[in-house]
Amino acid sequence: MAKLDILIAPDRRLRTRCARLGAVDDAARRVLDDMLETMYAAPGIGLAAPQVGVLKRLVVMDCARNEEEPAPLKLVDPEIVWRSEALVTDNEGCLSLPEVYVDVERPDAVRVTYLDEHGTPQEVEAEGLRARCLQHEIDHLNGVLHVDYLSAVKRGVILRRLEKSKRRKQD
Ligand code: NI
């Protein structure tokens, strides 16, 4: 496994609608393993492939708490097939927007279909933090970031600030 570089917004690759895989091969499995290592090292609870510059519909997650056993989840071509009517607002962070936390209203529960790392179709129903994480990561596959739930003015301020701090690091 290898740790990958996480892209920081603004970056065009984070704004791309990623391609479906349709099947799972060794290359996809390797990317999923590398993404999981990268996510744990960050540390984070979810990571989508475009965040490491891979424009495919791949997601890794682990929402287990510190005292719980690790519960890694690898999803290929995840798709939300059901959303609860009940909505919940909670604060979200994102590894591609360091130190930017946004209150986002989302369905409290979702059902998601996906292929596992062996290419077998699976379905997961989640609520609370896991449902939020699934929705946040699937947003990434469609080029959507948590700041998109803010007004255009607030989003602009945040993205310009990130752009400036990126340029400072490059100098
Ligand atoms: Ni994110």
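**A walk through the predicted model**

Lys74 has a relative accessibility of 16%, so it counts as buried, since the cut-off for buried is under 20%. This structure is a predicted model. Lys74 forms a salt bridge with Asp33, and the closest N and O atoms are 2.7 Å apart. The pair joins distant parts of the chain: Lys74 sits in strand 3 and Asp33 in helix 1 (residues 26–41), 41 residues apart. Asp33 is partly exposed, at 26% relative accessible area.

Now follow strand 3, residues 73–83, to its neighbour. Strand 3 pairs with strand 6 in the antiparallel sense, over five bridges. Here Glu79 stands opposite Thr113 of strand 6. Strand 6 covers residues 109–115, and five of its seven residues are buried, so the rest of the structure largely encloses it.

Strand 6 also pairs with strand 7 (residues 121–127), again antiparallel, over seven bridges. Arg111 has Glu125 in strand 7 as its bridge partner. The hairpin of strand 6 and strand 7 has five residues between the strands, and Gly119 takes a positive phi near 85° there. The side chain of Arg111 meets that of Glu123 in a salt bridge (3.9 Å, N to O). Glu123 lies in strand 7 and Arg111 in strand 6, 12 residues apart. Glu123 is exposed at 52%, while Arg111 is partly exposed at 27%.

Next, look inside. The largest nonpolar core has 17 residues, and Val59, Met61, Leu75, Val110, Val112 and Leu134 have the most contacts within it. Strands 2, 3, 6 and 7 and helix 2 each supply at least two of its residues. Helix 2 gives the largest share, five residues. Val110 touches, among others, Ile80, Trp82, Val124, Ala131 and Leu134.

Which protein residues are donors of the nickel ion? They are Cys94 (SG), His136 (NE2) and His140 (NE2), lying 2.1 to 2.2 Å from the ion. Cys94 is in the loop between strand 4 and strand 5, and His136 is in helix 2, so the pair ties together parts that are 42 residues apart in sequence. Cys94 is buried, at 10% relative accessibility. His136 is buried too, at 7%.

Finish with charge. The whole structure holds 13 salt bridges. In one of them, the side chains of Arg106 and Asp139 meet at 3.0 Å, N to O. Arg106 in strand 5 and Asp139 in helix 2 are 33 residues apart. Arg106 is buried at 4%, and Asp139 is buried at 14%. Both belong to a network of salt bridges that also includes Glu92 and Arg132.

Conventions. Residues are numbered from 1 along each chain as its sequence is written. This is a predicted model: local features need pLDDT of at least 70, side-chain atom pairs count only at pLDDT 80 or more; totals for chains, interfaces and linings use all residues. Side-chain values use heavy atoms; hydrogens and water are left out. Buried means under 20% relative accessible area, exposed over 50%, partly exposed in between (1.4 Å probe, protein chains only). Helices (H or I, at least four residues) and strands (E, at least two) are DSSP runs, numbered from the N terminus. Two strands pair if DSSP finds at least two bridges between them. Donors are N, O and S atoms within 2.8 Å of the metal (3.2 Å for Na, K and Ca); water is not among the atoms, so sites may look incomplete. A nonpolar core is a set of buried Ala, Val, Leu, Ile, Met, Phe, Trp, Tyr and Cys residues joined through side-chain atoms within 4.5 Å. Contact means heavy atoms within 4.5 Å. A salt bridge is a side-chain nitrogen of Lys or Arg within 4 Å of a carboxyl oxygen of Asp or Glu. Lists of a residue's contacts leave out its neighbours within four places in sequence.
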